Amino acid sequence: MKISVVSNKLWCIHKQLILLLVPLLLLPLLFTLPEKEGKCLYVVVLMAMFWCTEALPLAVTAMLPVCLFPTLGILPSKRVCPQYFLETNFLFLSGLVMASSIEEWGLHRRIALKVLTIVGVKPAWLIMGMMLTSSFLSMWLSNTATTAMMLPIANAILESLFGDLETLKEKCRSTEDLESDIINGQPSVKLHSLPSVPSEKQILSMDGTDGTEPSDTRTSEEIRLESKYQLKVWKGFLICIPYAASIGGTATLTGTAPNLILIGQLKSYFPDCDLLNFGSWFAFAFPLMLLFLFLGWIWIAFLHGGLNSRLCFTRHDRRAQAEVRAQALILDDYRKLGPINFAEGSIAFFFVLFAVLLFTRDPKFIPGWSVLFKKGYVSDAVTGVIIVSMLFFFPSQKPSLSWWFDPQASNTPYVPLLSWKKAQDTVPWNIILLLGGGFAMAKACEESGLATWIGGHLQPLAEVPPAAAVMLITAFLACFTEFASNTATIIIFLPVIAELAIHVSVNPLYFMIPATIGCSYAFMLPVSTPPNSIAFASGHLMVKDMVKTGVVMNILGILSVTLAMNTWGVAMFDLNTYPEWAHHMNKSAVVTDVHPSAILPLNATL
């Protein structure tokens, strides 16, 4: 049997082989390490391998702690199971339900088209508009839903600007290709001799014209160069949307799962730490998002042909005519939405109320409205659940008193803004389980002493300056998450990073915040994130396009995070001092961990 045939057959069952072989290959961990730490590390590495290879669905792997931790004697089931629905999960769930209601009534599309009508239609400004809209929506919706909604809008605008993509690719063929056609006996066709036939969409958007364009008198080389420029801009549009969605998700706690993992693990490891909540995270991460978004826009617009003199000067040429058509298309799509209806207005009101109440609950720099209640009783999760619960009974049509007194009025059933069936269908429940699996793993690492044991072996890293360590941590996780789920990545590494900070006597937030944000900076590969995969699945991007753009995006992201942590991050979270709440963690770790090999390096740092 040929090697290729065998390799194909092995690939067909590679997931089953991973499920069978990995647990056997990891067995030495159970016998070479301290008992409890070894068992916990066995489960952690096993789950990490299953997450990275997706041998099991991510959510199924996340449930393994329920069976493995009790059977291996690491944690009893009554301590493991509650980790799957902590208050952090309720905050995330409320954000997902709010996103479902926004998508149900199309408010996100209205916001997107409105922004695009404002920014203009020159390629660089349109790229900026796409990035601003995608990042804003992904702060509240999932990154995947934002990308899936924005890409069709981008494609419609691009078709209006440049025509059909396949025709554009044909025009990009070089003169050498045309000469080879002649040699091969194929007739040579001069592109400039063919009249341009606009599509129906273009005809409808050309006000005051008869649907025809002047004959193209350019040479074939001029057409080829212009088509190459247009193809570059097209790729820039497709790339900027998933990248902006990933960047925007970092600005709010509910924007992406790693942010919530950070909050959940902070509450587990450092119960006295109350510095991070929805408002304080937004105050730190939103300026960082804007900075990175601006740098990313400069790079994408530069690389894909959007930055040129046309940004400042108006010209009357073919590009200007295409831009007029694109502007007409956007305005036409926006007009088709009609005036904002009662349901959209209601969703917008609850959305704003949701955001404002979360920001003002406990903003730290001034007293928030939570002081009206017993201290420590009202959290962000309480706020979120209160607001989204209203969506299930608030009417989607404007109530009218006259309806009660009009016997001729139609007795249509009462329809709320959101039905439970819609929420059930659209909320990604697998992510809730994934969050729970992460919290269960963190609790086991803490209780078994594994995190302390690993931290003791990271002592040599104390020689690295903290500012350099921030860059290294962010860069490592940004690279690792190119090949693994960002949620799985932060679940695996955050406990280790927390212990590293304790052992080098650095404020844990100084390492944990950049690590969390770095997990969302996966730009280089189609498989890195679902938004990247959606853009790549359009068939118009190649891997090298994403790698070339993504490498610099990763570098810009690392530099932006480092700058933020060492400027306004230091001022906001007092990162230059070792906090009292981390001292408490040190002492409790020493008391609860009974293994002398784990205690010794920890005592040496006190």
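Which handedness does the crossing of H16 and H26 have? The crossing of these two helices is right-handed. The model in which they are seen is a predicted one. Helix H16 covers residues 257–269, and its axis runs 10 Å from that of H26, at an angle of about 30°. On the H16 side, the residues that meet H26 are Ala257, Pro258, Ile261, Leu262, Gln265 and Tyr269. H26 answers with Asn486, Thr487, Ile490, Ile491, Leu494, Pro495 and Glu499. An α-helix has 3.6 residues a turn, so residues three or four places apart point the same way.

The setting for this pair is a protein chain with 32 helices and zero strands. Of its 606 residues, 51% count as buried. Among contacts between residues at least 6 apart in sequence, 79% join residues at least 24 apart. The chain exposes about 27,900 Å², and carbon and sulfur atoms supply 67% of that area.

H9 holds residues 107–119, and the two helices pack with their axes 9 Å apart at an angle of about 150°. Angles over 145 degrees count as roughly antiparallel, and H9 and H10 are therefore roughly antiparallel to each other. Their crossing is right-handed. From H9, the contact takes in His108, Ile111, Ala112, Val115, Leu116 and Val119. From H10, Trp125, Leu126, Gly129, Met130, Thr133, Phe136 and Leu137 take part.

H10 can be examined on its own. The helix comprises the 16 residues 123–138, and at 1.5 Å a residue it should span 22 Å. The C-alpha atoms at its ends are 22 Å apart, which agrees with that expectation. H10 is also mostly covered, since twelve of its 16 residues are buried, buried meaning under 20% relative accessible area. Among the buried residues are Leu126, Gly129, Met130, Thr133 and Leu137, which also belong to the contact with H9. Pro123, Ala124, Ile127, Met131, Ser134, Ser135 and Ser138 are buried as well.

The loops at the two ends of H26 bring in two further residues. Threonine 481 sits in the loop between helix H25 (466–480) and H26. With a relative accessible area of 0%, threonine 481 is buried. Leaving aside residues up to four places away in sequence, threonine 481 touches Asn486, Thr489, Gly518, Cys519, Tyr521, Ala522 and Ser528. One of these, Asn486, is also among the H26 residues that meet H16.

Serine 505 is placed in the loop between H26 (486–503) and helix H27 (508–518). What does its relative accessibility of 42% make serine 505 count as? At that value, serine 505 counts as partly exposed. Its phi is near 55°, a positive value in a residue other than glycine. The C-alpha atom of serine 505 is separated by 8.6 Å from that of alanine 462, although the two residues are 43 residues apart along the chain.

Glutamate 54 lies in the loop between helix H4 (35–53) and helix H5 (58–62). Because its relative accessibility is 45%, glutamate 54 counts as partly exposed.

Methods: Residues numbered from 1 in each chain as written. Predicted model: local features only at pLDDT ≥ 70, side-chain atom pairs only at ≥ 80, totals over all residues. Heavy atoms only, no water. Helix = DSSP H or I, 4+ residues; strand = E, 2+ residues; numbered from the N terminus. Expected span 1.5 Å × (residues − 1). Buried < 20%, exposed > 50% of the residue type's maximum accessible area, 1.4 Å probe, protein only. Contact = heavy atoms within 4.5 Å. Areas by Shrake-Rupley, 256 points an atom, 1.4 Å probe, with all protein chains shown as cover. Axes fitted to C-alpha atoms, helices over the stretch in contact; angles between N-to-C directions. Parallel < 35°, antiparallel > 145°, perpendicular 65-115°, else oblique. Left-handed = near helix turned anticlockwise from the far one by under 90°.
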